[in-house]
Amino acid sequence: MAAVRIPPTLRAEVGGARQLEARGETVAEVLDDLVERHPALAAQLLAGGELAPFVNVFVGGEDIRTLDGTETHVRNGDSIVLLPAMAGG
């Protein structure tokens, strides 16, 4: 399992949790597991069933965009950070 850190902007969707354990061998599978258990996350993380372009995901400190995207391999014990981009002004 991977440890997924939940930023404050998403904690309401997961009952206030700062971190969740999730199963999956790829980032896509981990996200599927999270959304299955916490359906409200889908509107915050996905667009058309895929990772929304404004959501940054890091595995072991590396941006998945520089790796294999949502097909990035996730090992047991990896730390995943979700960071939806914030807009404002």
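1. Basis of the model. This is a predicted model, in which local features need pLDDT of at least 70 and side-chain atom pairs count only at pLDDT 80 or more, while totals for chains, interfaces and linings use all residues. Residues are numbered from 1 along each chain as its sequence is written, and side-chain values use heavy atoms, with hydrogens and water left out.

2. Secondary structure. The chain has two helices and seven strands, where helices (H or I, at least four residues) and strands (E, at least two) are DSSP runs numbered from the N terminus.

3. Overall dimensions. The chain has a radius of gyration of 12 Å, which agrees with the value near 12 Å for a compact globule of 89 residues; the radius is taken over C-alpha atoms, and the globule rule is 2.2 Å times the number of residues to the power 0.38. Along the principal axes, the C-alpha atoms of the chain fill a box of roughly 35 × 25 × 25 Å.

4. Of the 89 residues, 36% count as buried, with buried meaning under 20% relative accessible area, exposed over 50%, and partly exposed in between (1.4 Å probe, protein chains only). The chain exposes about 5200 Å², of which carbon and sulfur atoms supply 50%; these areas come from the Shrake-Rupley method with a 1.4 Å probe, and for residues only the protein chains shown count as cover. Among contacts (heavy atoms within 4.5 Å) with a separation of 6 or more, residues 24 or more positions apart account for 50%.

5. Charges. The chain carries 7 positive and 13 negative charges, whose mean positions are 10 Å apart. Lys and Arg count as positive and Asp and Glu as negative, whereas His and the chain ends are not counted; the place of a charge is taken as NZ of Lys, CZ of Arg, CG of Asp or CD of Glu.

6. The nonpolar core. The largest nonpolar core has 23 residues, and those with the most contacts inside it are Val-4, Leu-34, Ile-80 and Leu-82. At least two residues of this core come from each of strand S1 (2–5), strand S2 (19–22), helix H1 (27–37), helix H2 (41–45), strand S5 (55–59) and strand S7 (79–84), and H1 gives the most, with five residues. Such a core is a set of buried Ala, Val, Leu, Ile, Met, Phe, Trp, Tyr and Cys residues joined through side-chain atoms within 4.5 Å. Leaving aside neighbours within four places in sequence, Val-4 is in contact with Arg-18, Gln-19, Leu-20, Ala-22, Val-30, Leu-34, Ile-80 and Leu-82.

7. Asp-33 and the residues it touches. Asp-33 is placed in helix H1 and is buried, with a relative accessible area of 18%. Not counting residues up to four places away in sequence, Asp-33 touches Glu-21, Ala-22 and Arg-23. Glu-21, in strand S2, counts as partly exposed at 39% relative accessibility, and with the same exclusion Glu-21 touches Met-1, Ala-2, Ala-3, Asp-33 and Arg-37. Arg-23 lies in the loop between S2 and H1 and counts as exposed at 55% relative accessibility; beyond its neighbours within four places in sequence, Arg-23 is in contact with Met-1, Glu-29, Val-30 and Asp-33.

8. Gly-60. Gly-60 is found in the loop between S5 and strand S6 (62–63), and it counts as exposed at 58% relative accessibility. The C-alpha atoms of Gly-60 and Asn-76, which are 16 residues apart along the chain, are separated by 11 Å.
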